[in-house]
Amino acid sequence: MSTSASVQPVPGQRLLPPLQVGPHTIETPVELAPMAGVTNKAFRTLCRENGGGLFVAEMITSRALVERNPVALHILTFDESESPRSAQVYGVDPATVREAVRIIASENLADHVDLNFGCPVPKVTRKGGGAVLPWKRDLFTSIVHAAVDAAKPYDVPVTIKMRKGIDDDHLTYLEAGLIAQNAGVATVALHARTAADFYSGTADWESIARLKETVTEIPVLGNGDIWSAEDAVRMVEQTGCDGVVVGRGCQGRPWLFADLQAAFEGRPERVTPGLGEVADTIYRHGELMVEFYEDESKGMRDLRKHMAWYLKGYAVGGDARRALAMVSTLEELRGHLAALDHDAPYPGADAEGPRGRAGTPKKPHVPYGWLDSRDLDPEFEASLREAELSVSGG
Ligand SMILES: Cc1cc2nc3c(=O)[nH]c(=O)nc-3n(C[C@H](O)[C@H](O)[C@H](O)COP(=O)(O)O)c2cc1C
C-alpha cells in the first residue's frame with residue numbers, strides 16, 4: 001500500500017499523543033466502536049476495566065430520544081466511573097437531531113455525542129438513511145450543523161462516524177469529512193468500507209490515509225478490521241490516523257483493550273487468557289448484564305450471543321457450548337462454566353483473527369432517483385422519516 005504516513009512504533013515510546021475530543025483528553029487514542037446490541041453499560045465496563053480509550057454506547061435514534069422512549073433512555077445508562085460518557089445518535093431530520101442533541105447536552109445525559117452515518121442495512125438505505133445519507137450534501141450539512149449548534153452551549157463535542165460512501169462509484173467520505181470539519185465537529189471516524197461492501201472483504205485502509213490527508217484540522221480515526229493490537233499499530237503506521245476505532249475485534253475479547261493500551265504505550269505485553277480466565281470474565285459479564293437490566297432473565301438472554309465469541313478457538317465441546325448459549329439464570333451459568341476445563345490454555349491463533357458479523361457485498365439499495373442529484377428533493381422526505389423508524393445498528 002502506498003502511504004504518506006510516517007508513524008513508526010518505537011519500543012517504550014507512545015505511538016501517538018492523546019486524542020482530543022473537544023474538551024476531553026483520551027490518553028489512549030482508541031475507541032470502542034458503538035455496536036447496537038453489544039456496547040451497553042455491562043460490556044463497556046468490562047472493556048474499560050482492561051484498558052483506556054473512549055467507549056461509545058449503543059446507538060439511539062433522535063426520534064426515540066425526543067419522544068422519550070424508555071428503551072432509548074435506558075441505553076443512555078452510564079456507570080458513575082464513565083468519563084466521558086459517549087452517546088451515539090442516528091437521525092435523518094435536522095430539527096429532530098437538533099432537539100435530541102439539545103436534550104442530551106442540556107439534561108447532562110452524556111458528555112459527547114457521536115453521529116452515525118454508517119448503517120449499511122438495506123431497509124435503512126432503501127429509504128435514504130444511514131451510509132447513503134451523505135450523498136445528499138445539503139441534508140448531511142444541515143444535520144451536522146444542527147447537532148453542533150445544539151451541543152455548543154454545553155461544551156459537548158460532536159463527532160461523526162461514516163462509511164466511504166454508497167459504492168465505489170459514489171464515494172462521499174472526503175467531502176463529508178470536510179463538511180464536518182467546517183461545521184465544528186471534534187473528530188471524524190471512517191469505517192473504510194462502502195454501504196455496498198457491507199461487512200465483506202477487507203477494509204480499505206488506503207481511504208483512511210486519503211481522509212487524513214484531506215481533513216487536516218481535526219483528528220481522523222480509522223475503523224475496520226482491527227483484530228489485534230498489532231493491527232491497530234499497522235493502521236496507524238499505514239494511514240497516519242490519529243486514533244483507531246475497534247468493533248468486532250473485541251466481541252468476546254474485552255481484554256483487547258489491555259493489548260491496545262500496551263501497544264500504544266510501546267509495550268510488548270499481550271493478554272492470552274486460559275479458559276479459566278475466560279470463564280471468570282463470562283460470569284462477571286453475566287452479573288453486569290443482570291445489574292444493567294435489573295432483570296436476571298433479560299440479562300442472561302442478552303449474554304447468550306456473546307458465548308460463541310468468548311469461546312472461539314477454545315477447547316469446549318458442542319454440548320457445553322449449546323448449554324451456555326441457552327443459559328437463563330446466573331446459577332445455571334455458574335454451573336455450566338464450572339464444568340469447563342479451567343486449565344485449558346490460550347489456544348493462540350484459533351482465538352484470534354476475524355470474528356462477528358461478516359457477509360457478502362450487497363447491491364446498495366437507495367430510493368429510486370436518489371443518485372440523480374446531490375441535493376435533497378422534497379419527494380424523499382417521507383421515505384427518510386421511515387429510514388429512522390427502521391434503523392437498528394450499523
Ligand atoms: C453487531 C454490530 C452492531 C453495530 N452497530 C453500530 C451502531 O449502532 N452504530 C455505528 O455507528 N456502527 C455500528 N456498527 C459498526 C461498527 O461500529 C464498526 O464500524 C464496524 O463493525 C467496523 O469495525 P470493525 O471491523 O472493528 O468491526 C455495528 C457493528 C456490529 C458488528
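This is a predicted model: local features need pLDDT of at least 70, side-chain atom pairs count only at pLDDT 80 or more; totals for chains, interfaces and linings use all residues.
Q: Which domains does the chain have?
A: Domain bounds come from an automatic or database domain assignment. Here the assignment gives domain 1 as 7–271 + 360–387 and domain 2 as 275–345. Taken over C-alpha atoms, the centres of domain 1 and domain 2 are 29 Å apart.

Q: How many residues of each domain are in contact with the other?
A: Two residues are in contact if their C-beta atoms, placed from the backbone, lie within 7 Å. By that rule, 9 residues of domain 1 are in contact with 10 residues of domain 2. For classes, Ala, Val, Leu, Ile, Met, Phe, Trp, Tyr, Cys and Pro count as nonpolar, Asp, Glu, Lys and Arg as charged, and the others, Gly among them, as polar. The side of domain 1 that touches domain 2 has 3 nonpolar, 5 polar and 1 charged residues.

Q: At what angle do the axes of α4 and α6 cross?
A: Helices (H or I, at least four residues) and strands (E, at least two) are DSSP runs, numbered from the N terminus. Axes are lines fitted to C-alpha atoms, for helices over the stretch in contact, and angles run from 0 to 180 degrees between N-to-C directions. The axes of α4 (residues 94–106) and α6 (residues 137–151) cross at roughly 25° and come within 8 Å. Angles under 35 degrees count as roughly parallel, over 145 as roughly antiparallel, 65 to 115 as roughly perpendicular and the rest as oblique. α4 is therefore roughly parallel to α6.

Q: Is the crossing of α4 and α6 left-handed or right-handed?
A: A crossing is left-handed if the near helix is turned anticlockwise from the far one by less than a right angle, and right-handed if clockwise. α4 passes α6 in a right-handed crossing. Residues of α4 in the contact include P94, V97 and V101, and those of α6 include I143, A146 and A150. By class, this contact of α4 with α6 has 9 nonpolar, 1 polar and 3 charged residues.

Q: Which elements do the buried residues of α9 pack against?
A: A residue is buried if 20 or more other C-beta atoms lie within 10 Å of its own, exposed if 12 or fewer, and partly exposed in between, with C-beta atoms placed from the backbone. In α9, the buried residues are A229, D231, A232, V233, M235, V236 and T239. They pack against α8 (205–214), β11, β12 (243–246) and α10.

Q: At what angle does α9 pack with α10, and at what angle with α8?
A: α9 (residues 229–239) and α10 (residues 256–264) pack at about 45°, with axes 8 Å apart, and are therefore oblique to each other. In this pair, A229, A232 and V233 of α9 meet D259, L260, A262 and A263 of α10. Their contact has 6 nonpolar, no polar and 1 charged residues.
α8 and α9 pack at about 50°, with axes 9 Å apart, so α8 is oblique to α9. W205, I208, A209 and K212 of α8 make this contact with M235, Q238 and T239 of α9.

Q: Are N108 and D225 buried or exposed?
A: N108 is in the loop between α4 and β6 (112–117), and counts as exposed because it has 10 C-beta neighbours inside 10 Å. D225 is in the loop between β11 (220–223) and α9, and counts as buried because it has 21 C-beta neighbours inside 10 Å.

Q: Which residues does V156 touch?
A: V156 lies in the loop between α6 and β7 (158–163). Not counting residues up to four places away in sequence, V156 touches A105, D111, H112, V113 and A151. V156 is buried, with 27 other C-beta atoms within 10 Å.

Terms used
Residues are numbered from 1 along each chain as its sequence is written.
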